[in-house]
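Here's a quick briefing to read with the model open beside you. Take it slowly, one topic at a time.

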Amino acid sequence: MKNKILPFLIFFIFIIIFIVFYKGLQNTNIYTPESKTSFEVPSVSVKLFNSDEIINTLEIFNSDKFYLLNIWSSWCVPCKQEHPILMELSQNNDLEIIGINYKDTKKNANDFLKDLGNPYDNIIFDNKGTNAIEWGAYGVPESFLINNNKIIKKYIGPLSKGSLEEIKLFIK
Amino acid sequence: MKILKLFLVIFFIFPFNNLKADNEVLKNKITKNLRCLICQGQSVYDSDSEFANSLKIVVDNKINEGLSENQIYSYFQSKYGDWILYDPMFNKNTYFLWLLPLLIFFVGGAIIFNKFLKKQKKSDINKNER
């Protein structure tokens, strides 16, 4: 009896292993970071770009408006690519755009904004890149859509036309 | 003068640097257990990317704030999920990962023990038949 079951059992196990590996072959091997969007706006002290004033992040995101937090830098090429989208979004009165200037110098950042326009209502100066870590960011550019002190959507990489439409839908 | 000499002797003999060195050892230990999420197969300690360098500064700051090793791991876990830790903590998402080797060990042990018992029984029966 036992000898009869054993070949079936081995066959069955091999079938399961085959299915698992076959499914695995179809998976992409490019790692895309998990977008953790369930957390709230971190409460940390930050330095403002224009005034050098040190304030808490909760003071910036204090109303029930929609906020788009954008991490950018003058040395980042994809940031230039997404800048027109930010400029378009800055015309929307229901959305406030907050920038985090990541590992940059004030001079280069100011030149960047002079050349391409300033879509930001407020800019946080993060020359060491530690503020971006508080937000769970991986690098530049990255954007977070925030409402009622909660991150509702995270965009890793430059904003696209698709993300622009999505943000507009959220604000509506 | 004597007091000054005594002070200098204490200053040079007592290894004040050890206080800083302990923090450095802890920082290295923590950064070796943090995965550089934008690199391929590198820890934060090994990597020189912008992301890893920022993380090293944050680890340094957290140690200076007086956070323990586990508190620092929990902090990064809350920001980036379990994937950032090479050695994930025991929780509802990882219990299977932690318990599977133990389970395999016990099941394997039970099978070997069973076989051993059967073999002994057989040899006992053979002995009795003789």
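Lys47(A) stands opposite Phe125(A) in strand E5(A), in a model that is predicted. E5(A) covers residues 122–126, and it makes a handy place to start looking around chain A.

**Around strand E5**
- E5(A) is mostly covered, with four of its five residues buried. Buried means that 20 or more other C-beta atoms, placed from the backbone, lie within 10 Å of a residue's own.
- Strand E1(A), residues 45–48, runs antiparallel to E5(A), and two bridges join them. Strands count as paired if DSSP finds at least two bridges between them.
- Strand E4(A), residues 95–102, pairs with E5(A) too, this time in the parallel sense and over five bridges.
- Look for Tyr102(A): its bridge partner in E5(A) is Asp126(A).
- To get from E4(A) to E5(A), the chain goes through helix H4(A), residues 106–116, in a right-handed β-α-β crossover. Right-handed means that, with the strands pointing away from you, the path from the first strand over the helix to the second runs clockwise.

**Chain A as a whole**
- Chain A has six helices and seven strands, in the order α-β-β-α-β-α-β-α-β-α-β-β-α along the sequence.
- Its radius of gyration is 23 Å, well over the 16 Å that the globule rule gives for 172 residues, so chain A is more spread out than a compact globule. The radius is taken over C-alpha atoms, and the rule is 2.2 Å times the number of residues to the power 0.38.
- The C-alpha trace of chain A spans about 85 × 35 × 30 Å along its principal axes.
- Buried residues make up 32% of the 172 residues in chain A.

**Where chain A meets chain B**
- Twelve residues of chain A are in contact with 13 residues of chain B. Contact means that the C-beta atoms of two residues, placed from the backbone, lie within 7 Å.

**Chain B**
- Chain B is divided into domain 1 (1–89) and domain 2 (90–130), with bounds from an automatic or database domain assignment.
- The centres of these two domains, taken over C-alpha atoms, are 44 Å apart.

**Reading the labels**
- Residues are numbered from 1 along each chain as its sequence is written, while chains are lettered from A and ligands numbered from 1 in the order in which they are written. As this is a predicted model, local features need pLDDT of at least 70 and side-chain atom pairs count only at pLDDT 80 or more, while totals for chains, interfaces and linings use all residues.

Terms used. Buried ≥ 20, exposed ≤ 12 C-beta atoms within 10 Å, placed from the backbone.
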